[in-house]
Amino acid sequence: MSGSAAPTPMMAQYLALKAEAGDCLLFYRMGDFFELFFDDAKLAAQVLDIALTSRGEHQGVPIPMCGVPAHSAEGYLARLIKAGCRVAIADQTETPEEAKKRGGSKALVARDIVRFVTAGTLTEEALLEPRRANVLAAVCEVRGTFGIAACDISTGRMELEECAPDRLGAALARLGASELVAPEGLADAPAEAIARPARDFSSDHGEARLKALHEVATLDGFGSFTRAMLAAAGGLVAYLDHVGRGSLPLLLPPVARAGEAHLAMDEATRASLEILASSQGGRRGSLIEAVDRCVTGAGARQLADDLSAPLTDAAAIEARLALVGWLHADPLLRGDLRAVLRAIPDLGRALGRVVAGRGSPRDLGQLRDGLSEARRIHDFLKGRSERPALLDALLPALTGHGALTDLYARALVASPPTERAQGGFIAEGYDAALDELRRISGDARRAIAALEARYRSDTGIAALKIRHNGVLGYFVEVPARSADPLMAPDSGFTHRQTMAGAVRFNALALHEEASRIAQAGGHALAAEEAHFEELTALAVAARHAIAATAAALARLDVAAGQAERAAEGGWSRPEIAAEPVLVIEGGRHPVVEAALAAKGERFVANACTLSPQDRLWLVGGPNMGGKSTFLRQNALIVLLAQAGGFVPAETARIGLVDRLFSRVGASDNLARGRSTFMVEMVETAAILAQASERSFVILDEVGRGTSTYDGLALAWAVVEAVHGVNRCRCLFATHYHELSRLAESCEALSLHHVRAREWQGDLVLLHELAEGPADRSYGLAVAKLAGVPAPVVARAKAVLDRLEKGRAETGGIAAGLGDLPLFAAAAEQQEEVVDHLRQRLDALDVDALSPREALDLLYELKREAARLP
């Protein structure tokens, strides 16, 4: 069409739907395909690696187009979502026949956006990772406090919490949401947040939506929720309503999560400790890979949640440990339990699809099988003696579904199909009328077979066959050379179609049998569909109880998996102490130990004994000697213990930690314009501002990203601050030998080093921790090990000798540091120096100054600064 011509009705419909879809790619249904046009087509073709074509013109320019088959759209959607796209599905809302009745032969089939597919709103089995939760979160601010609502709609779990602004980053890092929504204009919203109308984030609106959703007059039965929590919940439900086009997924009653109930870790700490993903970005090499022995996807997701949010309540930790210990002590029981759990379907996600209206007969079959196995586990464990308290709390949730599972066992075939359009999923004997329809259909098919034999006999054409296709239905087909007798007017056959080598006919008896098949088959499909709706409604009505069963099975799987991992690796049950101690004997790094074991090598275990009187360890020694591994392994042991699992150590006594900080290494964050040193300082600042006496901090090589003097000065000051101000348990690895002098002024600081020896010119790294300062850094020996050319190492040795001689003559770069006042006194002095100038500058209204006034003021401030000491 020309540039001035109006768009075709189809293109006008597409453009209207695209405007509604906004920044989402629009999947526009045309027959058996979803088509994409314009820029959507260009992007999708690139991401999906499919052909980009064109269709007609718009404003004189060819319209780019690409498409994917509707029957295999899920795979393409998965790739688009993984690439960061969001998709709007525009499907046909009427059949072509209905469109013709409505508007004549040329009427355009009505279409509408039936659903938005986004990273946080997936429920399809093919689009989800079985062992990873898929979290959608909403965040908002109410009177200086942040509210967070999070849910995994594939299972319906929903949690609400609130936090102070300085804890928002740690809370969002713990959730690891696939998608985050926030109100428009929220100043502190993360860059990746999707902006939604601020009116959606109303606490009154959120409270009303939750009451209506769960059909209650008050939310008190679910917990105590603050205004910030309810506002975030309102934004979350409104977004789900938007993407579902008015159809909400499974949402279980909200649970209030207290921020103080979980060990806080910021994003940098999580990345440093590689809890759920390694530094390379995948699961391989992460803590969860080394720990996870769960046999179900639901258990693996629960374990990931446990490791992301370790507990700070001693009683809750001990309850988990007792269940792990009980299963650890009985290998036969544990093996039997894990064998049954391994065969259980993913109940939570099957329920999520059913409630969201995307369920299949197979999902109902999974509910039947999973709930039946849960009852078996209940009966199996109920008879055991000396059960731990947590198991007794879980057992009631594993039963209570007898009527539902009995009904499903009678109603469904043993292995229901994933699609219900073709029927065949209702079991024989469940519905007598359906059985009769199937009998009629079966009799008619047998009658057609008999009819084929009769026609062959009557016509004498041995090659005659009765066939079926979607256009002609049933028909008689004979070879072209044998067709003449059937063409006769009195043959009883009616010509339908001539092919290259065959001719097709109809016959009255065949037409009657085909009609019987079609009628009975249609009625049978309608009957099965009605039964499916009834069976689905029963699951929806029991959704809370089914979800509780799924959660109990996941917790059992985690406990059994933890016990299995402990038995496999010789891990021990940690003791949770009231006082702030960390006493570990024979501690190992679980990931490093597993990697060494795969190569047939042994991990060298080490002890760590922190107490109020010896809470800060300075750890020296060469690179590659194991300092970073030692720091991380102790942090991971704390994390594993407070998550409720056994730990890789001979013994472990752990005082509860409220916040865990790890400043171990940093890569240049070029995307945000931050260097290694800047990242290091930002993270160190967060530790100094937030760590309490109950915290545990590991710091590695603070100050190494700048000059030697700056670095030593910063490291010195940070150690003093951690020791004298934060007063937390801390492991501080460093190459600055000068820091050993701090042991003279810091009473709770002790010196340690990783051992190394030079033997016949080669460096031998022992990976053992010993008391006392490191005698040297062995930097040149490490360089030689790394393959630095010998002439370069020799030259470095000559330079080092000259530097060490100069340091000996001058007293070293740390000369005079012992005369410095304590950290706090120095800080107060600095504050006094800058306060007066700062007050004057803060009071200035720069925009109100004339150029002359500004210049005079600058001279005055300069004279004042010169008078300061």
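**Close-up views of a predicted model**

**View 1. Strand β24 and its parallel neighbours.** In this predicted model, strand β23 (residues 696-700) runs parallel to β24, and the two pair over 5 bridges. Within that pairing, I698 has L731 of β24 as its bridge partner. Strand β20 (residues 616-620) also pairs with β24 in the parallel sense, here over 4 bridges. For L616, the partner to look for in β24 is C730.

**View 2. Side chains of β24.** Which residues point one way from β24, and which the other way? R729, L731 and A733 take one side, while C730 and F732 take the other. Both sets are buried. Since 5 of the 5 residues of β24 (residues 729-733) are buried, the strand is largely enclosed by the rest of the structure.

View 3. H214 sits in helix α6, which covers residues 203-214. Is H214 buried or exposed? Its relative accessibility is 9%, so H214 counts as buried, the cut-off being under 20%. Leaving aside residues up to four places away in sequence, H214 touches F222, L251, L252, P253, P254 and H544.

View 4. K211 has a relative accessibility of 25%, so it counts as partly exposed.

View 5. How far apart are N and O where the side chains of D306 and R320 meet? The salt bridge spans 3.6 Å, N to O. This pair links distant parts of the chain, with D306 in helix α10 (residues 297-308) and R320 in helix α11 (residues 314-328), 14 residues apart. D306 and R320 are both buried.

**View 6. E579 meets R653.** Here the closest N and O atoms of a salt bridge between E579 and R653 are 2.3 Å apart. E579 is in the loop between β17 (575-577) and β18 (582-587), whereas R653 is in strand β21 (residues 651-655), so the pair ties together parts that are 74 residues apart in sequence. E579 comes out at 31% relative accessibility, so it counts as partly exposed. R653 is partly exposed too, because its relative accessible area is 27%.

**View 7. Zooming out.** For context, the protein has 28 helices and 26 strands. Its C-alpha atoms fill a box of roughly 125 × 80 × 70 Å along the principal axes. Of the 869 residues, 47% are buried. Among contacts with a separation of 6 or more, 67% come from residues 24 or more positions apart. The accessible surface is about 41,100 Å², and carbon and sulfur atoms account for 53% of that. As for charge, there are 94 positive and 112 negative charges, and their mean positions lie 4 Å apart.

How values were computed
Residues numbered from 1 in each chain as written. Heavy atoms only, no water. Buried < 20%, exposed > 50% of the residue type's maximum accessible area, 1.4 Å probe, protein only. Contact = heavy atoms within 4.5 Å. Areas by Shrake-Rupley, 256 points an atom, 1.4 Å probe, with all protein chains shown as cover. Lys, Arg positive; Asp, Glu negative; His and termini not counted. Charge placed at Lys NZ, Arg CZ, Asp CG, Glu CD. Salt bridge = Lys/Arg side-chain N within 4 Å of Asp/Glu carboxyl O. Pairing = 2+ DSSP bridges.
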